[in-house]
Amino acid sequence: MTHAKFFEPHLLPAIREKLLQTDDSKWMMVQSITYREPILMLIISILGGHFGIDRFIIGDMGLGVAKLLTCGGLGVWTIVDWFLIMGRTKEDNFEKLRLNLA
Amino acid sequence: MTRKNLYFLALFLGLAGQIWIVYSYIKLGKQEEAFNTCIFNRVTGLPCPSCGTVHSIVSILHGEFRKALNENPLGFASFLMVAVIPYWILADLVFRKDSFYRFYSSFEKFLKNKWVFSCFLFLIFVVWLHNIGQFLHWI
């Protein structure tokens, strides 16, 4: 589990189980997935969260536009996202892995 | 994002936006400035792309469309969002439909196209330059 930092801790047992059940032929594909670094996303959120850049990078385009048009949700959303963005990044990484294993 | 999360967030944002606009409308009516909530503006002293949106919406409510366009063109998009989305979601909830969710999903897909997103960023950049130009009295 060298990629454990990319996922929520409570999801790790489920990911392990899923990987054990997965066919060996998918191993290379799983290894080649590039995950987003949660810490990097936090830094981006602190620096550019006001413009919704963090949400755009994750792929939440609608929320990014809403954040951009509202001055970062009047500044409140910007600050709230500093606490949420790491979890959201890990969720997104899990989704990416799930899609590749499906 | 699930339908439930999206509806909760969009409804909350829409209603909060409406309250903020009513507050600003009253404040600006008394010739007072509304509280500046823009972190970027407070930190750098420069306006962000969406600074002036509330002024623009208040001008739209007064029927002064040219003034609204001059204050911030994004005000029109924000006005549409704040005026339409909460009621659209409420209608969806009442009639147990998911039309807004489907619209949101297709909008996200549309914006993920790199050309569309580049055009969007370019427009935002132009609006930002316009805002900075106004702030520095270039325009």
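Colleague: Let's call two residues in contact if their C-beta atoms, placed from the backbone, lie within 7 Å. Taking the chain B contacts with a separation of 6 or more, what percentage comes from residues 24 or more positions apart?

Modeller: In chain B, 49% of the contacts with a separation of 6 or more are between residues 24 or more positions apart. Bear in mind that this is a predicted model.

Colleague: And what's the figure for chain A?

Modeller: For chain A, residues 24 or more positions apart account for 67% of the contacts with a separation of 6 or more.

Colleague: Good. What scores does the model get overall?

Modeller: The ipTM is 0.80 and the pTM is 0.81. Chain B has a mean pLDDT of 88, with 98% of its residues reaching 70 or more.

Colleague: Where in chain B is confidence lowest, and where is it highest?

Modeller: Confidence is lowest in helix α2 of chain B, residues 39-44, at a mean of 85. Helix α6 of chain B, residues 99-112, is where it is highest, at 92.

Colleague: OK, new topic. How many helices and strands does chain A have?

Modeller: Chain A has seven helices and zero strands, and along the sequence that reads α-α-α-α-α-α-α. The C-alpha atoms of chain A fill a box of roughly 50 × 20 × 15 Å along the principal axes. Of the 102 residues in chain A, 32% are buried.

Colleague: What about the secondary structure of chain B?

Modeller: For chain B the count comes to seven helices and zero strands, in the order α-α-α-α-α-α-α. Its C-alpha trace spans about 50 × 40 × 30 Å along the principal axes, and buried residues make up 25% of the 139 residues in chain B.

Colleague: On to where they meet. How many residues of each chain are in contact with the other?

Modeller: On the chain A side there are 14 residues, in contact with 22 residues of chain B. Helices α5 (61-69) and α6 (71-74) of chain A each supply at least two residues of the side of chain A that touches chain B.

Colleague: Which helix gives the most to that side of chain A?

Modeller: That would be α5(A), with five residues. As for the makeup of the side of chain A that touches chain B, its residues divide into six nonpolar, seven polar and one charged.

Colleague: Let's stay on α5(A). Is it mostly covered or mostly open?

Modeller: Mostly covered: eight of the nine residues in α5(A) are buried. Those buried residues are Met61(A), Leu63(A), Gly64(A), Val65(A), Ala66(A), Lys67(A), Leu68(A) and Leu69(A).

Colleague: And which residue with a positive phi follows α5(A)?

Modeller: Cys71(A), with a phi near 55 degrees.

Colleague: Now the largest nonpolar core. Which of its residues touch the most other members?

Modeller: The core has 16 residues, and Val65(A), Ala66(A), Leu68(A), Leu69(A), Ala10(B) and Ile89(B) touch the most other members. At least two residues of this core come from each of α5 of chain A and α1 (3-29), α5 (74-95) and α6 of chain B. Helix α5(A) gives the most, with six residues.

Technical notes
Residues are numbered from 1 along each chain as its sequence is written. Chains are lettered from A and ligands numbered from 1 in the order in which they are written. This is a predicted model: local features need pLDDT of at least 70, side-chain atom pairs count only at pLDDT 80 or more; totals for chains, interfaces and linings use all residues. Helices (H or I, at least four residues) and strands (E, at least two) are DSSP runs, numbered from the N terminus. Ala, Val, Leu, Ile, Met, Phe, Trp, Tyr, Cys and Pro count as nonpolar, Asp, Glu, Lys and Arg as charged, and the others, Gly among them, as polar. A residue is buried if 20 or more other C-beta atoms lie within 10 Å of its own, exposed if 12 or fewer, and partly exposed in between; C-beta atoms are placed from the backbone. pLDDT is the predictor's confidence in each residue, from 0 to 100. A nonpolar core is a set of buried Ala, Val, Leu, Ile, Met, Phe, Trp, Tyr and Cys residues joined through C-beta atoms within 7 Å.
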